[in-house]
Amino acid sequence: MKKPMIFSGFFKNNGAVMGGILMFLVAFWIIVLILLPQLSMLDFSFRYNLPPADVGGPKDVYTLRNYKFLIFGPEGATGNYNTVDLMVFVRTILAAMAVTVMNLILCYPLAYYLGQSKGTGFIRLLVVMLVVPYWINEILRAFALRIIFGDIGVINGLMMQIGLIDQPYDFINADIALYAGLGYAYILLMLFPMYNVIESLDRNQIEAARDMGASWVRIHRRVVIPHAKPGIASGMTMVFMLSAGALAAPQVLGGTSSLWFTQLVYQWFNDTLNWQQGAAYAIVLLVASIAIVLTFMKIFKVNMGDIGK
Amino acid sequence: MRSNILFGRIALAVYLVIFFGYLLGPLVVMGITAFNSASFPSVTPWQCFTYEWFGALFQDERILNGIRNSFIVGIGTVILSVSIGLAASLVLTQIWPRFRGTYYTIIIAPILIPGVVLGISTLVFWRRVSDMFGDSANFLNNGIFLTILGQSTFIASYCMLVFVARLQRFDPGLTEAALDLGATHTQAFRKILLPFMRPAIASAAVLAFLASFENYNTTTFTFGSYPTLTIELSQMVRYGINPSISALAVIIVAITVFVALAVEVYRRRSKVKAGEIKPRKGLPAWLFGNVATILLVLLSFVVIAMIYTAQSYSPQQCKFDYREARQIEIQNKIDALRAERAAQQGAVVESTPQEPAAQGAGAGAFGNVFAPNNLEDAAGQGSEAPAAPASPFGNVFAPSNLEDAAGTGTEEAPAAPASPFGNVFAPTNLEGASGTDGN
């Protein structure tokens with residue numbers, strides 16, 4: 001089926017009815033669900049927040065105001081830059097990267113262990129245990145961590161019982177709960193791509209390397225990791241994008257003083273009702289995170305086609 | 001060498017325990033809170049074992065409504081995204097190789113786009129479309145319609161990945177043979193490809209439903225006036241909460257484990273039937289050395305036992321005792337405090353006639369604290385404050401807080417600054433105090 005083919009060939013291959021249905025569904029998805037909404041949001045982000053009566057009128061012109069707001073703050077403000085929002089942005093990106101690396105370190109050994117063990121009952125039990133938390137709502141998972149890290153949470157309760165501390169430690173405002181929650185929310189998206197790739201690695205290669213006298217570290221560096229690179233890249237991409245775009249965990253676990261960038265977007269939409277400003281912020285988030293992912297893919301020489309396998 | 005292996009095993013065991021502790025620990029803790037009668041979900045001030053939160057869950061109209069909406073959205077999303085995903089994967093296997101890379105990038109992109117962005121773009125786009133059509137296209141702004149579209153945008157990508165994996169093992173020769181034998185393309189699709197894809201369709205549908213059911217980021221922008229379960233939960237978490245959502249988590253976990261174990265048992269059985277594993281003699285075949293079966297039976301027993309005991313068990317006595325103990329504790333603290341204050345006032349205030357009145361004021365101010373429903377009120381407020389769900393009781397019990405309460409009683413009388421306890425003599429005030437005492 002892999003011969004060169006253009007539209008006429010496609011319909012010849014599938015028949016007019018089936019070919020038509022397939023084309024319609026795919027076109028609907030790509031154009032109506034993916035491309036047009038994104039373009040519409042992009043267009044929206046360059047407009048003023050006008051009352052409904054003025055929409056489409058002479059005042060409805062393009063502007064860079066919404067983007068300027070993110071960088072310089074409201075017009076006529078005293079400071080040079082909108083430091084509050086920019087700090088939130090930088091913090092979101094850096095923290096998402098940190099969460100990604102933390103997940104990688106935590107998952108790699110397990111992915112290796114699961115991937116290289118034969119499918120015994122124990123291994124399958126482990127896999128089942130891995131999947132169970134993923135079926136729980138994201139909100140509930142974040143909330144479970146809140147029960148653990150809260151002021152009267154399990155950890156504070158235990159530590160006070162032992163006498164380690166006499167005042168509850170504020171895990172929430174220290175953002176420890178948030179990072180734990182973000183790592184927790186997306187840990188399986190790191191694990192399973194790596195597991196799938198490592199499973200396909202021939203055990204004999206590792207045996208051979210070991211017989212040749214390679215050290216444990218060297219085996220991983222020269223044999224396992226190069227083979228697992230697509231899986232690692234795929235997992236890291238997904239975890240980074242999802243943590244940077246996370247909303248549930250920051251809302252439930254975030255401290256009172258520190259916000260996540262998506263929370264700003266949410267506020268523009270739902271509290272301030274300035275959709276244009278929110279769209280601009282969303283575009284910035286989208287472009288920045290895609291740029292970061294592409295840069296890292298370039299550095300580590302990974303193809304887009306490896307993602308999702 | 002041997003010690004090395006032993007060390008490796010211990011390290012592995014420790015690592016596995018840490019990893020699964022991180023993964024499952026929070027769920028276990030949340031599960032425990034579902035059975036604690038404390039009105040804020042917590043473990044450490046353990047009050048009484050109770051089932052009341054399960055009852056509360058099924059009486060919560062908003063939760064039930066949310067579940068209903070989630071099901072409607074979930075079914076719509078499954079239909080839309082499974083068919084889109086299947087079509088997209090079929091096109092991927094046939095597309096002109098030069099376009100393949102671009103095409104794959106486009107259809108994989110929705111997985112990587114933040115859910116927030118998907119939600120916003122769906123909302124903005126369809127709002128525009130409906131503006132274009134005017135009032136006749138009101139359904140375009142409907143929350144369920146928008147949510148299904150927004151979620152399908154990225155869930156279709158997940159489905160597509162599932163189908164691509166299955167299609168790699170499909171022999172296109174089968175379809176060609178069917179066509180040669182005179183089948184139409186539609187027949188070939190229905191009779192050859194669809195049956196081959198059935199397992200993949202089933203798993204894609206399950207995946208799509210789950211992804212839809214638990215989606216928050218996209219839905220939070222598109223739900224309109226049809227909040228799904230996740231939206232309701234997020235609002236409960238932010239604006240006041242009781243352990244009934246822990247009860248919901250317990251139910252979901254139980255169902256999940258049940259289904260997972262059942263699938264495992266089923267797989268095992270079909271393997272035994274196929275002769276890949278030989279059953280041991282002396283045991284019924286279904287119970288043959290199978291961890292999954294044993295766990296499944298145990299789980300069923302636990303659930304049945306819980307439902308049975310829930311009919312007769314009542315934590316009223318325990319709750320009463322707990323409250324009693326709490327009150328005695330508070331009483332002791334207050335007595336100590338009062339003694340301290342009396343000592344201080346004895347030093348400062350010379351005139352004796354005011355002394356009993358001051359005591360009376362103290363009792364009046366503290367009277368609120370004694371009233372049981374008052375405690376509940378305080379707890380309710382504590383848990384409703386989203387930023388500070390600290391200890392709902394902590395505020396009440398903290399000695400400094402009590403001092404504050406007493407303090408405000410005195411400071412609230414700007415008209416009579418002469419005596420700090422002057423307002424106590426006002427008859428209405430006394431009535432109010434005795435009124436609350438009566439509770």
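How many residues does H13(A) have, and how far does this helix reach from its first C-alpha to its last? H13(A) has 25 residues and spans 36 Å between those two atoms, close to the 36 Å expected at 1.5 Å a residue (the expected span being 1.5 Å times one less than the number of residues). Helices here are DSSP runs of H or I with at least four residues, numbered from the N terminus. After H13(A) comes Lys301(A), with a positive phi near 55 degrees.

The model is predicted, and local features need pLDDT of at least 70, side-chain atom pairs count only at pLDDT 80 or more, and totals for chains, interfaces and linings use all residues. Residues are numbered from 1 along each chain as its sequence is written, while chains are lettered from A and ligands numbered from 1 in the order in which they are written.

Turning to the partner chain, the axes of H13(A) (residues 275-299) and H5(B) (residues 115-133) come within 10 Å and cross at roughly 140 degrees. Axes are lines fitted to C-alpha atoms, for helices over the stretch in contact, and angles run from 0 to 180 degrees between N-to-C directions.

On the H13(A) side, Trp275(A), Gly278(A), Ala279(A), Ala282(A), Leu285(A) and Leu286(A) meet Val116(B), Val117(B), Ile120(B) and Val124(B) of H5(B) (contact meaning C-beta atoms, placed from the backbone, within 7 Å). These residues divide into nine nonpolar, one polar and no charged; Ala, Val, Leu, Ile, Met, Phe, Trp, Tyr, Cys and Pro count as nonpolar, Asp, Glu, Lys and Arg as charged, and the others, Gly among them, as polar.

The contact between the chains takes 77 residues from chain A and 82 residues from chain B.

Methods
Contact = placed C-beta atoms within 7 Å.
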